[in-house]
Amino acid sequence: MQDYEYVWYIEHMKLSKSVKNQKYKIINIDAPDADLRSRFFQLGFNPGASILLKRKAPIFSDPLLFEIGESQIALTKQEASYILVEEV
């Protein structure tokens, strides 16, 4: 008889692929430079924070409007692609 080890993998995705009105939890900020990473943190995009996609622009779905805490912040798809999230 073999022993099996079951491992649960949590699927992470880029925030730019998020679905409207779905809540997510921020896992990591993978910005290409320290200034952008600092800007995200100042805006409240911190690991563990809850975030909700409120709207997508009608043409090309860019920019995206997110609700984080009590603030609503618009990000381009490029900016949102640096943020890794998981569904809540």
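Over how many bridges do strand S2 and strand S6 pair in the antiparallel sense?

## Basis of the description

This is a predicted model, in which local features need pLDDT of at least 70 and side-chain atom pairs count only at pLDDT 80 or more, while totals for chains, interfaces and linings use all residues. Residues are numbered from 1 along each chain as its sequence is written, and side-chain values use heavy atoms, with hydrogens and water left out.

## The sheet and its helix

Strand S2 (residues 23-29) and strand S6 (residues 83-87) pair in the antiparallel sense over five bridges; two strands pair if DSSP finds at least two bridges between them, and helices (H or I, at least four residues) and strands (E, at least two) are DSSP runs, numbered from the N terminus. Within this pair of strands, Tyr 24 stands opposite Glu 87 in S6. Helix H1 (residues 34-43) packs on the sheet and touches S2, strand S4 (64-68), S5 and S6, where contact means heavy atoms within 4.5 Å.

The open sheet has six strands in the order S1-S6-S2-S3-S4-S5, with antiparallel pairing. Strands S1 (13-14) and S5 (71-75) stand at the edges with a single partner strand each, so one side of each is left without a neighbour in the sheet.

Ala 49, found in the loop between H1 and S3, counts as buried because its relative accessibility is 19%, buried being under 20% relative accessible area, exposed over 50% and partly exposed in between (1.4 Å probe, protein chains only). Leaving aside neighbours within four places in sequence, Ala 49 is in contact with Tyr 24, Lys 25, Ile 26, Gly 44 and Ile 68. The C-alpha atoms of Ala 49 and Lys 25 are separated by 5.7 Å, although these residues are 24 residues apart along the chain.

Methods. Axes fitted to C-alpha atoms, helices over the stretch in contact; angles between N-to-C directions.
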